[in-house]
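Thank you all for coming. I would like to walk you slowly through one model this morning, so please look at the display before I go on.

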Amino acid sequence: LHVVPLSIAPRVKPRRTMPRFARWELVGSVASVVVVTAVGQALINTVPAEAMGMIYLAAVVVSAGSWGLLPAVVTATLGFLAWDFFFIPPLYEITIGSSRDLIALAVFALVAVLVGGLAGRVRDETRAAQARIEGLRRIGAFSRKLGEAATEADLVREVARQAAGIAGHAAVLAGEDTLSIRAMEPAGLTLDEGAMAAARWTWTSGEPAGRGTSTLPSATWRLLPMRTVRGRRGVLALQADQLNPPQLQTLEALADMAAGAWERVEFAAQAVRATALEETQRLRTTLLASLGHDLRTPLAGIRGAADTLHASWAVLTPEVRDDLLDSVIQQVSRMTRYLADIADLTRLESGEIRPRLTPVRLVEAAEAALARLPDSLHIGINVPPEAAALADAALLEQVLVNLLENAIKFSPPGGRVWVRGGSDAGMAWLAVADEGIGIAPDDMPRIFDTFYRASRSDRAASGTGLGLAIARGLLAAMGGRIEAQSPRPDAPRDGSPGTIVTLRLPSP
């Protein structure tokens, strides 16, 4: 049961007033008679009195075609009186005594009614056709605009804006248990209790309600359902003095299109959530597999060395004991580095890394990275001293360490690695090139993915698959980008294909 509160004050019947456009049309009718009369007076010795009746009749036709039936009748009446007064003897007297006068008056009236009615119908049909054309144009614009909305909030705002362009005031309501206003155009409007009752009826029944309908017609708003074959999505509320049929059809089409777009946005959001959940599950599975794979070997080495030391400490020579302890230290360092990579990846994905961007000389960053690598004897640097990038020095150093470790790992014994750099077009760049086994074309699109290790590289050396992913994430945090090429453009035909990885950062 929907209770619609009504004001207890007595209703005052509004006084009917003639629309402003009707007054101007009547003024135009009078003016047309005055103009014809003035022309007739100027040509009174040239134009016969009987011909003036045809001129007045032409004015009736023009008035009917321009303004409709009522102005045409006024023009016919005034035209007949002016014709009789100024041009038919006796002059300057109105006499309707002969059959000719009666026939003329009847012809004037008949022509006014017929032509006015036909002209009015043509004018109404023309306006309806124009309204339908405008409605089709708006529907096309709706389709484009609604297709651009990516979120539910954007969609409901656009629906309210488009509907307000036709009705003047519009709102979109939705909610499972309690209807609430999701968007309003213009902002700041409210729906009274009667309108909310009509909105709840529309939401429940899926039928229009409110002003201009048979359900709760006393409401000040007109409510249209927004539904699809899969169910309801919302309610479109409209407040307008008067909506003609083409406008109402356009708004109903907008409500249906908006419901479909709303459903599309929900499906897209569900697809994104499903994809994110699937990706999270995949990363979790990969992480667990990687942990089992990459921690098993160092743990086995540590366990073997510890067991040997525990069981045979007394019989082992100092050199052997030192060897075993060095092996434990190396394996612990390997595990520590792996766990540090996991921590860096977690910080990147959670957004905790916030770089402090300052001008950094590229040659200094490369030298700092080389200082952290034990196997850097075969690495050459060719970077101009003046080349600089806008970056976080510590993060850029970490990126270069990851790239250099990767290059050393996949290079043959004695293979050289180069670091080149420079700046052009407002961007600074550093490139790390090696003489390694290269990367297969099928693996190239995924080498920067988390936990991804190319199949050919796996046979050459082991790794966590995190170095390049972390490098890409750190560069993205600093506003840079990274790319790889394999084989190298300058690789010899009879040599190893090699790989070149290039990073780019804004210049200061």
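**Surface patches and a few helix residues**

Glu-319, Asp-322, Asp-323 and Asp-326 form a negative surface patch, where Asp and Glu count as negative and a patch takes residues with over 30% relative accessible area and no salt bridge, with like charges joined within 9 Å and nonpolar side chains within 5 Å. This is a predicted model, in which local features need pLDDT of at least 70 and side-chain atom pairs count only at pLDDT 80 or more, while totals for chains, interfaces and linings use all residues. Residues are numbered from 1 along each chain as its sequence is written, and side-chain values use heavy atoms, with hydrogens and water left out.

Glu-319 itself lies in helix α8, residues 318-350, helices being DSSP runs (H or I) of at least four residues. Glu-319 counts as exposed because its relative accessibility is 57%, the cut-offs being under 20% for buried, over 50% for exposed, and partly exposed in between, with a 1.4 Å probe and protein chains only.

Let me turn to the nonpolar side. Val-30, Val-34, Leu-78, Leu-81 and Ile-94 make a nonpolar surface patch of about 370 Å², to which α1 and α3 (69-86) each supply at least two residues. Leu-81 belongs to helix α3, and its relative accessibility of 30% is why Leu-81 counts as partly exposed.

In helix α1 (residues 20-42) we also find Thr-37, which counts as buried because its relative accessibility is 10%. A polar atom of the Thr-37 side chain lies 2.7 Å from the backbone oxygen of Val-33.

How values were computed. Accessible areas come from the Shrake-Rupley method with a 1.4 Å probe; for residues, only the protein chains shown count as cover. A salt bridge is a side-chain nitrogen of Lys or Arg within 4 Å of a carboxyl oxygen of Asp or Glu. The place of a charge is taken as NZ of Lys, CZ of Arg, CG of Asp or CD of Glu. A polar contact is a pair of N or O atoms within 3.5 Å; within protein, one must be able to donate a hydrogen and the other to accept it, and residues adjacent in sequence count only if both atoms are side-chain atoms.
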